[in-house]
Amino acid sequence: MKLYEQGAYLINGKDVVIQSPEASAAVKSKTGKDVSTAEAKKKTIAYNILAAHNTSGNMDKLQIKFDKLTSHDITFVGIIQTARASGLERFPIPYVLTNCHNSLCAVGGTINEDDHMFGLTCAKKYGGVYVPPHQAVIHQYAREMLAGGGKMILGSDSHTRYGALGTMAIGEGGPELVKQLLNKTYDVDMPEVVGVYLTGEPMKGVGPQDVALAIIGEVFDKGFVKNKVMEFVGPGVSNLSVDFRIGVDVMTTETTCLSSIWRTDDKVKEFYEIHGRTDDFEELNPGEVAYYDSFIEINLSEIKPMIAMPFHPSNTYTIEELNANLLDILDDCEKRAEVSFDGKVKLDLKSKVHNGRLYVDQGIIAGCAGGGFENICDAADILKGASIGSDEFTLSVYPASTPIYMELVKNGAVAKLLETGAIVKTAFCGPCFGAGDTPANNAFSIRHSTRNFPNREGSKVQNGQVSSVALMDARSIAATAANKGYLTAATDMDVNYTKPKYFFDKTIYENRVFDSHGVADPDQEIQFGPNIKDWPAMSALPENLVLKVVSEIHDPVTTTDELIPSGETSSFRSNPLGLAEFALSRKDPEYVGRAKAIQKAQKAVEADECPGKAFEEVAPVMQAIKAAFPEKNFHDGRLGDNIGFGSTIFAVKPGDGSAREQAASCQKVLGGWANIANEYATKRYRSNLINWGMLPFIIDEGELPFENLDYLFLPDIRKAIAGGATEFTAYVVKEGKLLPFTLKMGALTPDEQEIILKGCLINYYRG
């Protein structure tokens with residue numbers, strides 16, 4: 001795999017000219033034409049799809065209107081509640097509500113199914129589509145029923161990726177979907193486009209997860225594709241089945257790219273034909289000469305079976321490399337866990353080595369990445385006639401949709417799997433985020449799913465429980481299962497892959513999915529459960545701001561799972577205040593109490609009472625501020641003084657992983673006004689902060705001028721935001737003195753400025 005920062009020209013989809021002083025002459029010699037870089041940039045597939053959906057008239061500053069929206073049952077309640085509070089009357093474009101995350105209905109009594117009924121009645125009232133639990137995971141339904149060539153889809157799940165089908169899809173936090181529901185736009189600077197040039201053909205036994213992990217391992221730490229569009233081109237694309245392409249595509253989220261798109265061909269056309277949607281196919285190719293801002297060359301023939309060790313999809317090795325350096329790599333993982341868990345529990349992976357081989361406790365093939373037809377058929381072929389054994393090792397398989405499950409039953413794959421001792425379950429995303437198949441304490445699980453962050457397997461470090469996940473392809477998981485839990489690469493197995501043809505039967509969808517066909521019924525009553533709560537009132541940004549630092553995180557990357565845990569907390573995502581009790585609980589259990597304490601001062605201000613009496617700790621802070629800024633005429637910090645109080649956190653690089661808006665909204669409802677970071681891991685997390693009225697500050701790397709529990713003062717912050725400032729003088733309040741330092745912020749759009757000034761997106765739309 002080769003990475004080229006300097007960019008490249010692609011001629012007729014085949015010939016590559018890497019950018020250099022001689023590149024223009026080389027392009028001319030091949031085409032007979034003078035081609036400017038600016039013109040060639042307009043010949044990428046990505047540029048043309050974005051241009052077709054841009055409403056701004058300015059391709060540098062995009063304002064995108066999407067064709068369709070999709071959400072699942074731990075995001076759609078909050079989205080619709082926000083939209084309702086902002087004036088929603090009907091869904092203006094197709095909006096699909098799937099139910100694949102809280103499908104088990106096992107936590108919190110009736111609240112999960114209450115959310116489902118809320119979704120069904122909202123689909124009727126506002127004119128949407130409702131997919132009942134166990135029918136399909138969100139992204140498989142979108143592939144089967146929503147994707148279309150040249151279209152754009154916005155989803156409230158980070159793995160919203162349908163580029164292999166010619167659809168540019170983006171996963172964002174819920175407020176971005178709210179904007180689309182209110183006929184507003186998705187505003188973003190024109191992203192750079194990275195060409196991913198594929199050659200060769202995967203060796204037998206190598207699957208899409210192997211290719212995906214190889215890419216993630218190369219690009220993640222370098223930030224090579226961060227917030228960019230990955231465009232897959234080259235002759236190697238045609239050597240991959242559509243299922244294979246889908247499996248690579250969905251994992252591009254883990255590179256931190258903004259979106260992805262692939263050139264399409266007759267295999268993609270056949271996919272649409274199989275699904276009865278031939279009109280949705282569009283052949284997509286880059287133009288005669290296309291220019292990419294950066295470039296990746298991948299020879300698929302060189303990819304070997306991969307494994308991403310705990311606790312990130314970028315912690316990659318070939319399985320061959322792992323087996324050759326087993327104890328050293330396991331020791332490194334244990335040391336990483338020591339840092340990640342702050343020494344609270346001990347992960348012991350070296351005890352998994354039995355007679356020189358790594359023994360794993362659990363295998364799972366599931367979800368939008370692993371639950372595809374081809375993955376499961378190949379796994380069944382590997383396991384044919386084998387037994388997974390009667391020891392600790394277990395194997396669970398989750399087909400990604402009921403139509404896939406039906407075909408696997410018809411062609412015998414399910415029978416092959418069941419007779420080995422494996423369990424085949426319904427479509428469910430739980431194993432991907434810690435709400436299903438939680439292994440035993442200190443167990444080691446291998447999964448063809450999307451993420452292996454800490455606690456994604458369901459353990460709770462705060463309760464002394466720890467287990468871990470490695471990501472692998474379904475084929476090598478099946479090979480490991482055939483060897484009763486001893487880690488094995490699929491390339492080490494001699495297998496006859498039958499490659500049965502897929503037949504899609506949409507009868508189950510016709511029988512069970514509610515589709516309004518865009519017709520709203522305003523007389524439909526929405527069904528609320530007792531856990532579905534409205535968002536609390538939120539104040540506008542004050543003129544001056546006092547912030548207490550209530551958590552300080554120095555991990556290289558902080559995931560959204562650490563900001564608001566996944567798993568069992570998902571059941572509370574329809575209850576903003578209830579969910580907020582879990583904020584940072586796995587990373588900093590004292591965060592909630594500290595945030596609530598300083599929030600008392602803000603609540604006192606809103607009640608026109610003295611904040612220093614409500615929370616005595618702020619009284620000396622205000623004395624120091626008054627002494628330094630006598631012209632402000634602060635009295636006692638009441639509302640008339642135009643001062644606000646709240647909390648902030650520092651994290652080196654927060655926001656990797658899930659699109660969930662709750663990573664920001666939980667901080668907001670607890671009185672958070674800002675995050676301070678060296679950089680933000682993803683655009684979507686920064687957008688979530690802004691949409692919830694939180695200031696996304698940046699501070700230069702190096703020694704911090706403040707520490708946890710310090711107070712910060714930001715004078716004239718409202719005026720600065722309104723004026724478009726990108727640098728701010730802030731002060732640390734220490735021992736009665738104010739010490740200045742500089743905070744920065746990436747430029748905000750006019751709408752983003754107004755959202756922050758109003759206090760949140762809901763306030764912005766209320767006017």
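This is a predicted model: local features need pLDDT of at least 70, side-chain atom pairs count only at pLDDT 80 or more; totals for chains, interfaces and linings use all residues.
Residues are numbered from 1 along each chain as its sequence is written, and side-chain values use heavy atoms, with hydrogens and water left out.

**View 1. Helix 14 (residues 373-383) packs with helix 16 (residues 413-420).** Helices (H or I, at least four residues) and strands (E, at least two) are DSSP runs, numbered from the N terminus. The angle is about 50° and the axes are 9 Å apart; axes are lines fitted to C-alpha atoms, for helices over the stretch in contact, and angles run from 0 to 180 degrees between N-to-C directions. Helix 14 is therefore oblique to helix 16 (angles under 35 degrees count as roughly parallel, over 145 as roughly antiparallel, 65 to 115 as roughly perpendicular and the rest as oblique). Ile376, Ala379, Ala380, Asp381 and Leu383 of helix 14 meet Ala413, Lys416, Leu417 and Thr420 of helix 16; contact means heavy atoms within 4.5 Å.

View 2. Strand 6 (residues 95-98) pairs with strand 7 (residues 129-131) in the parallel sense over three bridges. Val96 stands opposite Val129 in strand 7.

**View 3. Helix 18 (residues 474-482) is largely enclosed by the rest of the structure, because nine of its nine residues are buried.** Buried means under 20% relative accessible area, exposed over 50% and partly exposed in between (1.4 Å probe, protein chains only). Among the elements that the buried residues of helix 18 pack against are helix 8 (208-219), helix 11 (319-324) and helix 14. Lys484, which follows helix 18, has a positive phi, near 55°.

**View 4. Lys267 lies in helix 10 (residues 266-274).** Lys267 counts as partly exposed because its relative accessibility is 33%. Leaving aside neighbours within four places in sequence, Lys267 is in contact with Ser238, Asn239, Leu240, Ser241, Val242 and Arg245. Ser238 is 29 residues from Lys267 along the chain, and their C-alpha atoms are separated by 7.8 Å.

Key:
Two strands pair if DSSP finds at least two bridges between them.
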